[in-house]
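Here are my notes on this model. Please read them with the structure open beside you.

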Amino acid sequence: MMWRYLGRRLIQVPLVLVVVSLMTFLITRATPGDPVQIMLGMQTSPEAAAAMRAEFNLDRSLPEQYGLWIAKVVTGDLGRSIRLNDRVTALLAERFPVSLQLAAAAMAFALFVSIPLGVIAALRRNSWIDYLCTGYTVLGFAVPNFGLALILIYVFSIKLDWLPITGIGSSEAAAGGWWTYIRPFIVPAVALGTLQTAMLTRLLRSSMIDVLSQDYMRTARAKGLLPATIVIVHALKNAMIPFITMVAVQFGYMIGIQVTIEYIFAVPGMGSAVLNAVVTRDFPVIQGFTLVISAFFLFANIVADMLYALLDPRIRY
Amino acid sequence: MPLLSVRNLKTRFATDRGTVRAVNGVSFDLEEGEILGLVGESGSGKSVTALSIMRLVPEPPGKVTADAMTLDGTDLLGLSEAQAREVRGSRMAMIFQDPMRSLNPVLTIGRQITEVLHRHQKLAGAAARRRAVELLDTVGIPMAEKRLGAYPHQFSGGMRQRVMIAIALSCNPRLLIADEATTALDVTIQAQIIDLVKRLTRERGTSVIWISHDLGVVAGLCDRVNVMYAGTVVESGPIRELFHRPSHGYTLGLMGSTPRVDGTSTRRLTPIEGMPPNLIDPIPLCPFLPRCRVSVAACQARPPAPRQFGAGHWASCLADLAP
Amino acid sequence: MAVVQSPPPVAAPRIAGSLRLAARQFPRHRAAMVGLICLALICLAAALAPWVAPYDPIQIKLSAKLKPPSFEHWMGTDHFGRDVFSRLLYGGRTSLSVGLLVVGFAFVMGVPLGLASGYFGKRIDNLLMRLVDAFLTFPPLLLAVALVGLLGPDIQNVMLALGLVQAPVLARMVRGSTLAVREDVYVTAARALGAGPARIVLSHLLRNVMSPIVVQLTIVFAAAVVAEASLSFLGFGTQPPQPSWGRDMSEARRFLGDAPWMFLAPTGAIMLCVLSINFMGDGLRDALDPRAWRTRRTIGQAER
């Protein structure tokens, strides 16, 4: 039964991606000015320009260009970057893992803070911890991640000199031990993950509060079970269901919003690649990368739905 | 010596509007093997009484006091929370009204049974599972072995309540409290569950407090009945006595408003008029006075004291009702 | 039917006067009132910037560069000697006006879409929602970056991009409410009385879906302010020497250690805006949701 649902969802993926690809295509093609001129710069020979036009099919009509591009995409060929003279897929292979690691680090931070904070705030409502929690989430929602990044850099890198601000994915970092590798991730991960932390803490807290007021919690207490059992086995297991699905969705979403953090910390990830591509009018990169990012987000959403079905025995599609 | 002895139990809740006296001086004894009915309308304090005995009242905002509350010699009120956890589920157990909501939806029922066995009897693994299967058999769940891995939503209402009973009786408690255990079930299922409880508790000598607002259920099951109103017991007696000689205005009202299958079909049901009592500022007179149809002049002057009406039958009523 | 003139569409009683009731509820929410007042002050200060700002925000005065906060310069000066406070006020004009316009854009783009989708249902609904899904899949900041980066950093492009990003959520929400209201008996009654579809849509549905829309619009506003700052930060929004919170933060990076006030001031301003808007939104949400109303209820009905 679940496979049927999964199948239905997977079918929708290419449809949505087609629309996304169309959107990216139209945006890039909407750029004013002659694309070849922009790409090659001012001093360029007519032959070079013509060659470029031919190579990138820019002499064809728009629908043809789109069709050709899509045809290639389906076979896994995302084209070549104009500026970097490399295949888009190769660039992806370089950049995507880095972005993924940053997102994972941010999410790890978010989980590390939100789970205990959310649970304790729910258990001890209206205590100082609960107010701390509310204060933290309110601020976490309000501070823009690049603002927080600057604050953290100021405090931890400049004033205290505890943590570095560059070096993610650099060769020195890879050469050293795991701590040297992880260190440059810390500040950007906290800056990126704070919004998620606020969201997840709030979600877990309200989820737990809801669960704790349920009748089956009263039954668990009537059985004389230990408090740890009651909270972890009876309450948390229920409260975690919406939480975990939110984690999956947020993780997929993060890749798209990382760009400011990647910019500040010089992280060689997807966001900064797209940023550069926009500035240099590198259309294949823009199109290919945004397509992949969107696909990843869709995938994360499907995973989230599957997780929900897996975790909640009442749901069987 | 009675199994359970409660003297002057008072349970109060602090609210924005004042202190709610949910239970306002309840005293009764429960003998071994006895089935006591606790009857009253919503808000009469019956559930809170049960929760107080089970030490399940959250304090704050609640506060439970009593001159005495002992189960089989153990002072229930003096127990620390950790000690109370030992007693709950093992020596006294409780089942609740809606079994769908009272069972954890994400845990298998096998798990929900074995965890009690594990907690109080240190049973684990295969031994626990065997015992769980035995229990499910006892309460009449077919194909018990297979059902251990099932989830609550896969059972019917009656089955779920049987599971609850199995869980409650798993450690052979001396006291079982059932709070409106059949209210949410179909009438035919109700009868089955009542029979089941009667049989199992008689077999094991378990004492039962059966809470209900339904006189009919109580009549078929209980040995004695306490009628509660506004947080106090207003009448108490053996079941036959109570039904033949209701001696409190409220009990009379309850009888009058209960449909009877065997009664004359032309008899009108007489509802009890008026609003539920104020539990924050109780009037110093009989709490039922504003709604009572049989009150006498004396009721306006002083609060009623318990009066004896027969063997083990007393009521706090100043009126002399019926023959 | 005996009536000659069809009476005006039946007003759904449960929403009659609900706005009035809501307006009474709102002031009870303290945080919301604080938020509202704070926001009003910020908007006022920003709007009156030319008169309130002590200095010219783009006037370079290198002799006064990188000065810490003092009596003359409340928030210090930047690397060009420009008064940070004045730049803050002027930057606020951009951010807040963009924010409001984005709200307008999102409303204009999203609400009719959602209404149509919810009301007409079936095919149209499916089609439009697929479109919305696609939009929601697109990483929003990148979409904005791409649009502005490729089409040019004019203010209209910024607003279009940000509005486009926010519209889908609004559309979804409106669609949901519309679907719910469409089945409402009052709508059926109105149709039975001969009211045409446009009339029904406008008088019934809009009134009912207004409450979640209003709350969502506050969220859109806050998100737009942050998004505009993000875009400027990345270099895609307001261009120098125009004061802009995001842009100023970006320039402050080089002087992080020496002049932290340069980035703290705009960060604080953004946070203050977002906090005020959020609190206000909370208050609005509680005021518009009857279940959250703090009514004077009596416990113990004997008091009645």
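Contact here means heavy atoms within 4.5 Å. Keep in mind that this is a predicted model.

1. **Ala22(B) and its neighbours.** Start in chain B. Ala22(B) sits in strand β2, which covers residues 18–30. Leave out residues up to four places away in sequence. Ala22(B) then touches Thr11(B), Phe13(B), Ser44(B), Gly45(B), Val48(B) and Gly231(B).

2. **Is Ala22(B) buried or exposed?** Its relative accessibility is 7%, so Ala22(B) counts as buried. The cut-off for buried is under 20%. For a sense of distance, look at Glu59(B), 37 residues away along the chain. The two C-alpha atoms are 14 Å apart.

3. **Helix α1 of chain B.** This helix runs over residues 46–53. Seven of its eight residues are buried, so the helix is mostly covered. Val48(B), a contact of Ala22(B), is one of the buried residues. Others include Lys46(B), Leu51(B) and Ile53(B). After the helix comes Arg55(B), with a positive phi near 60°.

4. **Glu180(B).** Now find the loop between β8 (175–179) and α8 (187–204) of chain B, where Glu180(B) lies. Glu180(B) counts as buried because its relative accessibility is 9%. Its side chain makes a polar contact of 3.1 Å with the side chain of His213(B). Setting aside neighbours within four places in sequence, Glu180(B) also contacts Lys46(B), Gln97(B), Ile211(B) and Ser212(B). Lys46(B) is among the buried residues of α1(B).

5. **Where chain A meets chain C.** How many residues does each chain bring to the contact? Chain A brings 44 and chain C brings 40. The buried area is about 3700 Å². Carbon and sulfur atoms give 83% of that area. On the side of chain A, Ile27(A), Phe146(A) and Leu150(A) supply 17% of the area buried against chain C, more than any other three residues.

6. The rule finds zero salt bridges between chain A and chain C. It finds one residue pair in polar contact, with both residues at pLDDT 80 or more. Several helices of chain A give two or more residues to this side, including α1 (2–29), α7 (145–159) and α14 (283–311).

7. **A patch on chain C.** Which residues make the nonpolar surface patch of about 440 Å²? They are Leu44(C), Leu48(C), Trp51(C) and Val52(C). Leu44(C) belongs to helix α2 of chain C, residues 30–47.

Definitions and conventions. Residues are numbered from 1 along each chain as its sequence is written. Chains are lettered from A and ligands numbered from 1 in the order in which they are written. This is a predicted model: local features need pLDDT of at least 70, side-chain atom pairs count only at pLDDT 80 or more; totals for chains, interfaces and linings use all residues. Side-chain values use heavy atoms; hydrogens and water are left out. Patches are made of residues with over 30% relative accessible area and no salt bridge: like charges are joined within 9 Å, nonpolar side chains (Val, Leu, Ile, Met, Phe, Trp, Tyr) within 5 Å. Accessible areas come from the Shrake-Rupley method with a 1.4 Å probe; for residues, only the protein chains shown count as cover. A salt bridge is a side-chain nitrogen of Lys or Arg within 4 Å of a carboxyl oxygen of Asp or Glu. Helices (H or I, at least four residues) and strands (E, at least two) are DSSP runs, numbered from the N terminus. Buried means under 20% relative accessible area, exposed over 50%, partly exposed in between (1.4 Å probe, protein chains only). Buried area is the accessible area (1.4 Å probe) that two parts lose on being put together, summed over both. A polar contact is a pair of N or O atoms within 3.5 Å; within protein, one must be able to donate a hydrogen and the other to accept it, and residues adjacent in sequence count only if both atoms are side-chain atoms.
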